[in-house]
Amino acid sequence: MAMDAKEIELKTKALTKAATQNEPAANILALLKELQKGVKASEDLLRSTRVGIIVNKFKQHKSADVARLSSEIVSKWRNEVNKQKASGSPATASQRSSGSPRPARNGTASPAAATPSDKTSKLSVPPDKRTWKADKVDINQTSNRIRDSCIGLMYDGLCLGSTEMPRAVLAKASAVEAAAYNTLGPETKEQYRTKMRSLFQNLKNKSNPTLRTRVLNNDVSAEDFVRMSHDELMSAEQREKEQRIKKENMDKAMVAQAERSISTSLQCGKCGQRKVTYTEAQTRSADEPMTLFCTCLNCGKSWRQ
C-alpha cells in the first residue's frame with residue numbers, strides 16, 4: 001500500500017536518526033525497503049517530504065548494501081517523475097493546476113480554459129532571446145539556491161534558439177541538474193559545479209545547435225548527457241576541426257629544426273646515455289602539455305614523450 005506524506009516524513013526522520021546515531025546497516029536497509037515499496041513517487045511528494053534528498057545521502061554510506069539500495073531507489077523515483085513530466089500526466093493536484101485546465105461538467109472547456117494562465121505553456125519572446133527570466137519560469141525546484149541556479153543555467157542553454165514550450169525545457173533542465181547532482185553531487189563539490197558550467201558552455205555554443213536538440217528530444221537522456229566526455233559533446237564539425245589542428249601541429253613538429261636543445265636529464269631507453277637533443281611542439285589542444293621530440297646523440301634513437 002502506498003504511504004501518505006505523513007508516513008513518509010516519519011520514515012525519513014527515522015532514517016536520519018539511524019544515520020546520526022550510527023545504527024546497524026540492517027536497520028537502515030529495513031527503512032529503505034519500506035520506502036522503496038511504499039512511496040509512489042511524484043515531484044510534489046518528493047519535494048514536500050524531502051525524502052529523495054535524505055535517501056540520496058545514503059549513496060555515500062560505508063555499507064555497500066545501503067549505498068546500492070539507496071542508489072536504486074533514487075534512480076527509480078527519478079525515472080518515475082521524468083515519465084510523468086514527459087507524458088504530462090497529472091500525478092498530483094499541483095501538477096493539475098499548472099497543466100491543462102479541467103473540462104467543465106458538460107464536457108466543454110471552461111471559459112478560463114480558452115486562455116491558459118500558466119506562463120510555462122507558451123512562448124513570449126523570440127527563440128534567440130530566450131532565457132528563464134525572459135520566459136518567466138520558476139526555477140525554484142529544489143529549495144536549494146545553488147541547485148536552482150544550475151537549473152536556470154541549464155534552461156538558458158537548452159532554450160537558446162528553441163521553440164520548445166517553457167514547461168518542457170524546464171522539465172529537461174531539472175532532469176539534467178538532478179542527474180548531475182546524483183552523479184557528482186552534492187552541490188558543494190567542485191566536480192558538480194565544473195560539470196554544470198561545462199554543459200552550459202557546450203549547450204550555448206552556436207556552432208553546435210544539434211546538441212540542444214538531441215537533449216530536448218530525448219535522443220540523449222539527462223543521465224547520458226551528464227556522463228558525456230568533452231569529445232562526445234562536440235559536434236562532428238568541431239571534432240573535424242580539432243583533428244585538423246592536431247594534424248597541422250604534428251606536421252609542423254616533424255619538420256627538421258635548425259636548432260635543438262640538449263638535455264642531460266632525459267635518458268635514452270636504448271643505450272641509457274643522457275646525451276639527448278629535443279624539440280618541443282604543441283601537438284594537442286592548447287590546454288594540454290607540449291610534446292617532446294627526442295633524439296639520442298649516442299645511438300641515434302628517436303622518440304617522443
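1. Arginine 50 is placed in the loop between α3 (43–49) and α4 (51–57), where helices are DSSP runs of H or I with at least four residues, strands are runs of E with at least two, and both are numbered from the N terminus. Although arginine 50 is not a glycine, its phi is positive, at about 60°. Its relative accessibility is 42%, and it therefore counts as partly exposed (buried means under 20% relative accessible area, exposed over 50%, partly exposed in between, with a 1.4 Å probe and protein chains only).

2. This is a predicted model, in which local features need pLDDT of at least 70 and side-chain atom pairs count only at pLDDT 80 or more, while totals for chains, interfaces and linings use all residues. Residues are numbered from 1 along each chain as its sequence is written, and side-chain values use heavy atoms, without hydrogens and water.

3. Serine 143 lies in the loop between α6 (93–98) and α7 (145–159). Serine 143 is not a glycine, yet has a positive phi of about 60°. With a relative accessible area of 63%, serine 143 is exposed.

4. Leucine 211 belongs to helix α10 (residues 209–216) and is buried, at a relative accessible area of 0%. Neighbours within four places in sequence aside, leucine 211 is in contact (heavy atoms within 4.5 Å) with Asn202, Leu203, Phe225, Met228 and Leu233. Between leucine 211 and glutamate 232, 21 residues apart in sequence, the C-alpha to C-alpha distance is 10.0 Å.

5. For the chain as a whole, there are 13 helices and four strands. Of its 305 residues, 38% are buried. Among contacts with a separation of 6 or more, 55% involve residues 24 or more positions apart.
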